[in-house]
Amino acid sequence: MEKIIYMDNAATTSTGKAALDAMIPVLEKDYGNPSSLHQLGQQAADLLADARKRVAACIGAQPDEIYFTSGGTESDNWAITQLALAGAAKGKKHIISTAFEHHAVLHTLKRLEKEGFTVTLLDVHQDGIVRVDELKAAIRPDTCLVTVMYANNEIGTIQPIAEIGAVCREHGIPFHTDAVQAVGHLPIDVQKQNIDLLSMSAHKFHGPKGIGALYCRRGIRLTNFIEGGAQERNRRGGTENLPAICGMAAALEDACAGMEERSKRIAAMRDRIIDEVVQNIPYVRVNGDRQKRLPGNVNICFEGIEGESLLLRLDLEGICASSGSACTSGSLDPSHVLLAIGLPKEIAHGSLRLTLDEENTEEDVDHLLNVLPGIVSGLREMSPVWEEMMKENN
Amino acid sequence: MAMGYSEKVRDHFANPRNVGKLENADGIGEVGNAVCGDIMKIYLKIDGDIISDVRFNTFGCGAAIATSSMATEMIKGKPISEALKLTNHAVVEALDGLPPAKLHCSVLAEEAVKAALADYYQKKGLPVPEECAAACSGDCAHCCG
Ligand SMILES: Cc1ncc(COP(=O)(O)O)c(C=O)c1O
Ligand code: FES
């Protein structure tokens with residue numbers, strides 16, 4: 001296996017040159033603590049302020065609306081837990097979300113349910129998109145938070161964020177979105193889209209891992225999730241991970257510059273994969289809306305085979321992919337996302353997710369499309385499920 | 001490779017032995033179900049007391065394919081009495097171990113072999129040995145729950 005073809009960019013991305021170039025000097029010489037009053041500290045404080053300004057600008061926010069965190073998971077936990085607490089203080093203990101959120105959101109909601117909150121999970125329908133009128137219908141006088149992901153991490157579907165934001169604004173309900181898969185990949189403007197809180201994570205846009213941010217609109221009272229020192233304007237204690245923060249700012253700026261052109265090229269590869277698979281391989285299902293999806297996301301179920309063996313066979317061909325099968329999730333059930341769009345379990349087990357990126361080439365796609373039909377038919381040939389399917393159809 | 005599969009598991013996954021079906025098999029065993037994500041089907045050819053040939057078909061993860069492959073290797077050309085003693089632990093050991101989440105696949109492999117042997121005895125109108133009894137109930141929770 002000479003070359004690795006990485007098509008798992010929704011899991012994480014490579015650390016880009018922009019991030020590395022920004023981080024290395026900070027690691028090497030700007031080791032000061034931004035809270036220190038001496039020159040080294042103030043130098044670090046300047047870098048921090050600059051990074052904050054640049055991250056804010058990329059999503060149409062103000063610098064003092066950005067809080068650096070350890071990543072998407074922390075941002076989600078912070079936003080949801082603290083807004084729920086604020087709601088409870090006013091006697092409001094109802095939260096609206098969707099059935100296919102990331103576990104960082106779903107598990108946080110589950111904990112809140114145990115603490116006496118009521119959670120309504122909106123249907124995401126077969127196309128993987130929530131309906132704004134269903135959101136309207138779900139709103140109650142005691143709703144204290146709406147949290148709907150910007151784009152789904154498995155099937156890539158993009159939600160009507162601006163419309164959801166408008167409805168929430170009209171009802172005076174804070175709106176949080178887990179935009180971990182969207183930031184750096186889709187144009188975002190928190191003002192125009194009526195977003196009150198937003199989670200992002202640097203390693204999904206060629207930044208370093210373990211760093212992210214929570215955007216929280218001025219005027220929304222955000223209480224502390226992590227207590228400690230006076231960092232992040234007294235909101236999140238802990239000495240800042242300055243090298244990572246600088247890497248994140250550089251990576252995000254880089255991702256946002258030339259986004260349109262880049263996504264066009266990536267979406268063309270995505271569509272070519274989907275079209276050719278649908279054309280050349282029988283008994284497949286494309287998961288999620290074909291248009292309203294992330295430029296790099298391909299998610300297809302191959303009936304009669306199991307996803308982990310499919311992805312391991314692709315790995316033997318040098319292609320890195322992922323699957324929502326139970327075997328890969330390490331639990332008995334296949335992905336909750338695929339079940340949420342109504343797939344039967346036996347079909348959900350056969351899912352394959354390929355997430356492309358600007359580093360992929362048409363040659364990568366050629367190689368994939370060359371090997372995939374053979375791998376699928378090879379696995380089907382040894383599958384008793386496939387045998388049964390073929391018997392029933394004859 | 002994924003989830004810490006051993007070299008042997010990788011080999012049996014990449015080059016599974018004894019894949020296929022047998023026409024006029026003397027015993028066929030199928031266990032598992034598609035809802036939980038694993039099905040194994042084993043075909044036996046039996047000459048006198050000896051398992052002269054064996055094939056498998058499997059729908060499942062890398063470990064499911066590797067354990068099926070290894071289990072068939074372990075009983076091929078062996079007397080029935082030996083195949084009856086096959087345990088999932090022996091299959092796991094022969095593969096240099098499996099990740100804990102994948103142990104149920106080895107259980108399935110053992111049960112597929114036993115189910116095929118049970119089928120052989122039934123077809124012959126003979127009493128089914130006790131060792132074959134623990135076959136898959138079709139209720140995934142009983143194995144994977
Ligand atoms: C939609 C979504 N939310 C949250 C996360 C968690 O982000 P992090 O890995 O930065 O904690 C991820 C990525 O794994 C994600 O895809
Ligand atoms: S039916 Fe799933 S392991 Fe037995």
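What we have here is a predicted model, in which local features need pLDDT of at least 70 and side-chain atom pairs count only at pLDDT 80 or more, while totals for chains, interfaces and linings use all residues. Residues are numbered from 1 along each chain as its sequence is written, chains are lettered from A and ligands numbered from 1 in the order in which they are written, and side-chain values use heavy atoms, with hydrogens and water left out.

Let me start with chain A, whose secondary structure comes to 15 helices and twelve strands, where helices (H or I, at least four residues) and strands (E, at least two) are DSSP runs numbered from the N terminus. Its radius of gyration is 22 Å, close to the 21 Å that the globule rule gives for 394 residues, so chain A is as compact as a globular protein of that length; the radius is taken over C-alpha atoms, and the rule is 2.2 Å times the number of residues to the power 0.38. Along its principal axes, the C-alpha trace of chain A spans about 75 × 50 × 35 Å.

Taking a contact as heavy atoms within 4.5 Å, 71% of the contacts in chain A between residues at least 6 apart in sequence join residues at least 24 apart.

Gln181(A) is found in the loop between strand 6 (175–178) and strand 7 (197–201), and it is buried, with a relative accessible area of 9%.

Where do the two chains come together in what I have to show? In helix 15 (residues 384–393) of chain A, Pro384(A), Val385(A), Trp386(A), Glu387(A) and Met389(A) are buried, and the buried residues of this helix pack against helix 14 (362–381) of chain A together with strand 2 (38–47) and strand 3 (50–59) of chain B. At the start of helix 15, a side-chain oxygen of Ser383(A) reaches to within 3.1 Å of the backbone nitrogen of Val385(A).

That brings us to chain B, which has six helices and three strands, running α-β-β-β-α-α-α-α-α from the N terminus on. Of its 145 residues, 52% count as buried. One of its helices, helix 2 (residues 62–75), holds Ala64(B), which is buried, with a relative accessible area of 0%. Not counting residues up to four places away in sequence, Ala64(B) touches Asp38(B), Met40(B), Thr58(B) and Cys105(B), whereas Ala64(B) and Gly77(B), 13 residues apart in sequence, are 22 Å apart in space, C-alpha to C-alpha.

Key
Buried < 20%, exposed > 50% of the residue type's maximum accessible area, 1.4 Å probe, protein only. Polar contact = N/O pair within 3.5 Å; in protein donor to acceptor, adjacent residues only side chain to side chain.
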